[in-house]
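Hi,

Here is the structure I promised to pass on. Have a look first, and my notes follow below.

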Amino acid sequence: METGSVQDETWTIDEVTRLSGTTSRTLRHYDAIGLLTPCGAAAGGRRVYGRPELLRLQQILVLRELGVDLATIADALRVEDAAEPDAARRARLDLLREHRERLLAESDRFARLAATVASTLESLEGGSAMEAKDMYAGFDNSQYDTEARERWGDEAVDRSQATWASLGEEGRARHTAEHDAVSRELARCLVAGMPVDDPEVQALIARHHAWVSVSWTPGREAYTGLGDMYVADERFAAVYDAHAPGLAAYLRDAIRVYADSVLS
């Protein structure tokens, strides 16, 4: 970091990666798509960032943590950049307050999830049965309702929600358990090096398609698109890759085989 006044401080790309925990490749990508442009270059052409760029990067990373895609972030920042300085500052402060509220809400939700898992452990270790109504405390997908409606349409979402509600507590528990079981078995196949067109893998994909079809029956294109989304959307990828690194991509490739052979 160079010396001088606080406002004149600059950081090299290597320093920014250490501070933020992101990678130089990500920073270069943000520069290439116009999301985060360095304020200059140091000797040897290394990118240099000032305090405004660090604040902008913080905003980008917070939005990414909240699941906002890069295109939406770019649109929001373009509006902010086009505003008058005072208006832009007020908008930035309002947005930071909104981010803080959302992060606090997520913190509360994860605390409830942690408490749910702790109760489950106590129940299993103590040999007692946990109340079904307590098994899903902290699981609230209402925040994704708008996103789902934009992606799939009101009719599909309404039908899915009605079907989910009609399953009842036990039915929803079985549905969740089936997804976990299929994911674990697919992870085992991945670790064992089984190709995605192996009959055992494809049988698991048939179970996955049946699991999805409880609320929505996707055809060839839709099911293939769903598999692509499992990799493209970091939230879905994280769910599957938690079972085994690379499982989201493995599932996507296996879905393509299944869709071509069964749903064509």
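How many aromatic pairs does a search of the whole structure find? Two, where rings of Phe, Tyr and Trp (its six-membered ring) pair if their centres lie within 6.5 Å, and planes under 30 degrees apart count as stacked, over 60 as edge-to-face and the rest as tilted.

Before the details, a caveat: this is a predicted model, with local features needing pLDDT of at least 70 and side-chain atom pairs pLDDT 80 or more, while totals for chains, interfaces and linings use all residues. Residues are numbered from 1 along each chain as its sequence is written, and side-chain values use heavy atoms, without hydrogens or water.

Back to the rings. Tyr223 and Tyr258 sit with centres 6.1 Å apart and planes at 80°, so they are edge-to-face. Tyr223 belongs to helix H10 (residues 220–232) and Tyr258 to helix H12 (residues 247–262), so this pair ties together parts 35 residues apart in sequence. Helices (H or I, at least four residues) and strands (E, at least two) are DSSP runs, numbered from the N terminus.

Tyr230 is in H10 and Tyr240 in helix H11 (residues 234–241), ten residues apart. Tyr230 and Tyr240 are buried too.

There's also an open, antiparallel sheet of three strands, ordered E1-E3-E2; strands pair if DSSP finds at least two bridges between them.

Cheers

Definitions and conventions
Buried means under 20% relative accessible area, exposed over 50%, partly exposed in between (1.4 Å probe, protein chains only).
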